[in-house]
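Work through the exercises below with the model at hand. Each task is followed by a solution in steps.

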Amino acid sequence: MRGNFSTITKMVSAGMVAAGLLMSVQARAADDTIKVGILHSLSGTMAISETTLKDVMLMLIEQQNAKGGLLGKKLEAVVVDPASNWPLFAEKARELISKDKVAAVFGGWTSVSRKSVLPVFSELNSILFYPVQYEGEESERNVFYTGAAPNQQAIPAVDYLMSEDGGSVKRWVLEGTDYVYPRTTNKILEAYLKAKGVAAEDIMVNYTPFGFSDWQTEVSAIKKFGSAGKKTAVVSTVNGDANVPFYKELGNQGIKAEDIPVMAFSVGEEELAGLDTAPLVGHLAAWNYFESVDTPENKKFIADWQKFIKNDKRTTNDPMEAHYIGFNMWVKAVEKAGTTDPDKVIDAMIGVSVPNLTGGYSTMMPNHHITKPVLIGEIQADGQFETVSQTPGLVMGDEWSDYLPDSKDLISDWRAPLSCGNFNVATGKCGGKGTN
Amino acid sequence: MAKTAKRPGEFLLQSARTQNSNSSGIAERMILLRALGLMLLFLLANLLPANAAEADLRAIIAKFAAAANFSATETVVRELAATGDPLVERPLAALAEGDLYVRKADSLVFVGREGGDSVELLDPLSGEKSGEAAKGDITKIKVNNTLRRVIRDALGTLTLRAKDPAVRIAAAATMFKTPDAANIEPLDAAIAAETDANVKALFEQARAASVLVSDRPEADKLAAISLIGARGDRDALSLLTSVEANSQGAVKDAATAASGNINSTLAFWDAGQNIWYGISLGSVLLLAAIGLAITFGVMGVINMAHGEMVMLGAYTTFVVQEVIRNSFPGLFDWSLVIALPLAFLVAALVGLAIERGVIRFLYGRPLETLLATWGVSLILQQAVRTIFGPTNQEVGNPSWMSGSFDVGQLAITWNRLWILVFSLCVFALLLYVMKRTPWGLQMRAVTANRRMAASMGIKTPWVDALTFALGSGIAGIAGVALSQIDNVSPNLGRGYIIDSFMVVVFGGVGNLWGTLVGAFSLGIVNKFLEPYAGAVLGKIVVLVLIILFIQKRPRGLFALKGRAVEA
């Protein structure tokens, strides 16, 4: 709000004085602080997930200012509310970049919100940090993806279920909410499973609408599919709110994790906070971070967070870690470039390496994705995840899936001289299409 | 045991010494020494086995401390299970629950009971208290699904002779699901000793399952298949399908025939299941729509804030449960009963405020009412978001609403059953209020002809306000029930508003019976379409059907006749 107000003052002064004077007012304003845009929904359906990310950004900015700011200036957060309304995301992004002159924007949750702001960021040449796991098939010059690409979440999760530790699963239910992320992820998984020799009749794909709440038919279909004499697992890309009734129904119909485990990609500590997890012990989730990870960095992060939010019961989750990594990377890149000029920062970002919360370092790769460890966790009775498997090293985000015919020849490298987000290695040309 | 074993020995040694000091001869001494040796041997033979067994068990349990990964832990679990000693049940069950810990200082293994910051340590075999430890001083032995399954199977074999029939039934169920040729012998013994006919039948089925995976002769296997085929549920089908895939000749044919039989019975049960799911979805729709049947149906107010009344009811349940959890944990099973009147009051008061503050100025202007109530719904949502935060709140299921029971091959969950009963009760109560009480009469009079009702001395503004409050209050108690199956978040109401309007319009505006029939028929149609069309397409098909139906009968299933229609 303060950002908006100062903009209005500026506009008024612009009306009264000459245009040249306005320039100097803005220049002086820019001298005092570096503005950081926060583009997360604070109302509407997505507020449940995104409000937390706004708060974590405010905390990170406050901490950076306590350390003396950036390039000798204070950071100033500009918070806007796109209200879970996808076109409004683009409008608010435009407002942040052209009116508030922010140096970078941190925001977005759903893929459709990201897609709606992409043209704005390339037109006005600014920087977006996108903190949520997504379906891949995209690499933009102005966007840095700090969440997981499918190969940093979905593929290792399926690998774990296929392994002996995971129960040597032979039959698969791909259950998802009906929108772009689950559909693309399931397309990749189906191709991957078939490449691993799983027969088509051993894969069941099902979609439900957003906010679906009557899971009886779906859960009994899963039960039925699972009684074919082969070890069965559910891979769930069910989004947000629909998860609670889904898990309640699983618990009530007595589907135990030992018999048919459910591996979820969108269920984190925050989602479990609204659930009695005792009947769900053993169901799984794949992320790059769990609150239960026992490292000094994570302990400090949780303590700082609970102090900042003044609530010692608030949980932390994976997208929060992604913002932590993304923000620290941006700070480092700006220091490296010595300026907040987007072109210079974008170039400086590649190769920047910062500590993550799971005891390692994450590095920004030339494809604007980062390296992360992949953790598989089982739900515990206290609503936390217990890590049962972890990739031995860091996994590099792969934007163009190798398992989809349309994208397997594409690579992305934003360094000169290639500077291309969809270079086709088969034709040797920049410009190829993915699946969406 | 060790101490009592020592004492006779000491006594013997002492007597030997006294004898020795008397020294009445070498021969005597020899005899005595021999006797002493024999006695010791005898003691060892009698007393050590128990000790040795327990010591062995402890030695095996101690290996948990060194197990670095899941497969190492699994080896230890299998070793423990192989001892066949019923004592291992305690550590294994604790491990499956994630309650087995290793003390960092001395690598000893304990069963832990968490309480606040410290963990109470119990001996893994005897279960006796052996101290406390801070959480940082002990490490939990990790388990995963594979391990839990191994433990469950191991416990299955160990608990075949348990005193509690429920435990024996659980054991039979696990052994049926994970057949193993090695299970046949313990099962034979258990069958011979079993007195409960029910449990005995289950044991026999579990034995049959194990026979199928063993290398017993074909005749045995055929008998086993007919026994399992008679069981006729999904677990039996699952087992028979895998037998079908892994065998040849007569066994394969018998398995195919038996699984075919089960499939056709299950198809029959599937239809029953769809009807039950439809009724259950219908009851949820009825609950959500019944308040709207009053505010929209009877009063004609397009109330877009109806969903938020449901949400307020759900949040009231949450607050009640929070208070109970913190102050009166014993009352938790009663939380919903306590929440019902409170939810009614909260939602009714908010409804009353909305009617007095906004809607009464807008009667007869449906478009403005729609926009104003939409605004009110946004205000309520954001208010709740500000007070309680945007995240989901946990509303627990009381014990009588958790789990499920079987009717034939149909699993009926308790929460759905109670919601069905509850929705019918609410409906009956409402019908009674509308048809049999003076207040209901006034309500109907005002709706039928406002001016005439007014001239008869009815205070129409107050009847309006109270009717709206009643509709909102009913939505509030619907929220109590819906908190059991949906998530309690500020968006809760959004999911129900469209469905509620659909039910009321389809059933016929102004008619409670129409709402009842509308809710159940929409629920059943939806659930019959879902398995074939999928949830997304199913919903679209239902919407298209309703649009077509409304074209044909604009006033819904049960059209109200009379002046109310023109009003």
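**Exercise 1: a helix pair in chain A**

In this predicted model, the axes of helix 4 (residues 86-99) of chain A and helix 5 (residues 111-124) of chain A cross at roughly 30° and come within 8 Å. Axes are lines fitted to C-alpha atoms, for helices over the stretch in contact, with angles from 0 to 180 degrees between N-to-C directions; helices (H or I, at least four residues) and strands (E, at least two) are DSSP runs numbered from the N terminus.

Task: describe the orientation and the contact of helix 4 of chain A and helix 5 of chain A.

Solution.
1. Angles under 35 degrees count as roughly parallel, over 145 as roughly antiparallel, 65 to 115 as roughly perpendicular and the rest as oblique. Helix 4 and helix 5 of chain A are therefore roughly parallel.
2. Their crossing is right-handed (the near helix is turned clockwise from the far one by less than a right angle).
3. Residues in contact have C-beta atoms, placed from the backbone, within 7 Å. Helix 4 of chain A contributes residues including A:Trp86, A:Phe89 and A:Ile97, and helix 5 of chain A residues including A:Val117 and A:Phe121.
4. By class, the contact has 11 nonpolar, three polar and one charged (Ala, Val, Leu, Ile, Met, Phe, Trp, Tyr, Cys and Pro are nonpolar, Asp, Glu, Lys and Arg charged, the others, Gly among them, polar).

**Exercise 2: a helix pair in chain B**

Task: how are helix 10 (residues 234-246) and helix 11 (residues 249-298) of chain B packed?

Solution.
1. The axes of helix 10 and helix 11 of chain B are 9 Å apart, at an angle of about 150°.
2. The two helices of chain B are therefore roughly antiparallel.
3. The crossing of helix 10 and helix 11 of chain B is left-handed.
4. B:Leu237 and B:Leu240 are among the contact residues of helix 10, and B:Ile262 and B:Leu266 among those of helix 11.
5. This contact has eight nonpolar, four polar and two charged residues.

**Exercise 3: the interface**

Task: which element of chain B gives the most to the side that touches chain A?

Solution.
1. In the model, 46 residues of chain A are in contact with 51 residues of chain B.
2. Helix 10 of chain B gives the most to the chain B side, with eight residues.
3. The chain B side divides into 14 nonpolar, 25 polar and 12 charged residues.

**Numbering and cut-offs**

Residues are numbered from 1 along each chain as its sequence is written, with chains lettered from A and ligands numbered from 1 in the order in which they are written. Local features need pLDDT of at least 70 and side-chain atom pairs count only at pLDDT 80 or more, while totals for chains, interfaces and linings use all residues (pLDDT is the predictor's confidence in each residue, from 0 to 100).

Technical notes. Contact = placed C-beta atoms within 7 Å.
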